[in-house]
Amino acid sequence: MRVVLLGPPGAGKGTQAQIIAGQLGVPAISTGDIFRANVSGQTELGMKAKTYMDAGDLVPDEITVAMVRDRLAETDAKGGFLLDGFPRTIAQAEQLRDSLGELGHRLDCVLELVVDEDELVRRLSGRRMLVDGEWVQREDDKPETVRHRLQVYREQTAPLSGFYDSAGLLSRIDAIGAVDEVTQRAIAALEQSAAGRSDGPDAG
Ligand code: AMP
């Protein structure tokens, strides 16, 4: 299956992506994780991305799109994938559709995790990552940056919901609740969309 996980920062995309991808038997591909690994490794890509990330801005499409195209060409992603944090702009979504189309593929489902903004701010300000045995706050989880990231989401990423709805690919689920409850809703939505597709005019 080829799935995109859509949702604002703090919706739990990273956690759900790992679990759902494990159940589907496809790799979870997180652009945020790839960028962070490059920042830690001080690669050229990491150095280009860091200023945008620290400010809570999107890394420019030309950098991000090329990176994802390379990642999707790797062997483990040939049979399917779950994308977490990509696409984040309409331009990225169009590029993804075109590069999948060139390979004769298309997305199967876009799963949107829905969480209200007060809950997002609460979650992000309390979030910590384990780095070298210590719990640290991500630079971009500082309160001022969180507000900016949510604004960037509203302006640049939220329109993807309508984009994918028009393409008949969108399933929205309530992402408030225990992790395993949200996973169950996600899996049910994916099964429903797979069933819908096999009933539809394009079946086969
Ligand atoms: P995330 O871990 O998904 O919250 O991503 C952390 C940061 O990485 C974002 O705030 C952006 O600066 C950058 N980033 C991740 N994915 C993308 C993307 N698809 N387009 C542009 N920037 C991205």
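Where is Q42 found, and between which two helices does its loop lie? I will start there, with the reminder that what we are looking at is a predicted model. Q42 is found in the loop that runs between helix 2, residues 31–40, and helix 3, residues 44–55. Its phi is near 50 degrees, which is a positive value in a residue other than glycine, and Q42 is exposed, with a relative accessible area of 62%.

A second residue with a positive phi is D132, whose value is also near 50 degrees and which, again, is a residue other than glycine. D132 is found in the loop between strand 5, residues 129–131, and strand 6, residues 134–136, and at 80% relative accessibility D132 counts as exposed.

Turning now to the chain as a whole, its secondary structure comes to nine helices and seven strands. The radius of gyration is 17 Å, close to the 17 Å that the globule rule gives for 204 residues, so the chain is as compact as a globular protein of that length. Buried residues make up 43% of those 204 residues, and, among contacts between residues at least 6 apart in sequence, 72% join residues at least 24 apart.

Key:
Residues are numbered from 1 along each chain as its sequence is written. This is a predicted model: local features need pLDDT of at least 70, side-chain atom pairs count only at pLDDT 80 or more; totals for chains, interfaces and linings use all residues. Side-chain values use heavy atoms; hydrogens and water are left out. Helices (H or I, at least four residues) and strands (E, at least two) are DSSP runs, numbered from the N terminus. The radius of gyration is taken over C-alpha atoms; the globule rule is 2.2 Å times the number of residues to the power 0.38. Buried means under 20% relative accessible area, exposed over 50%, partly exposed in between (1.4 Å probe, protein chains only). Contact means heavy atoms within 4.5 Å.
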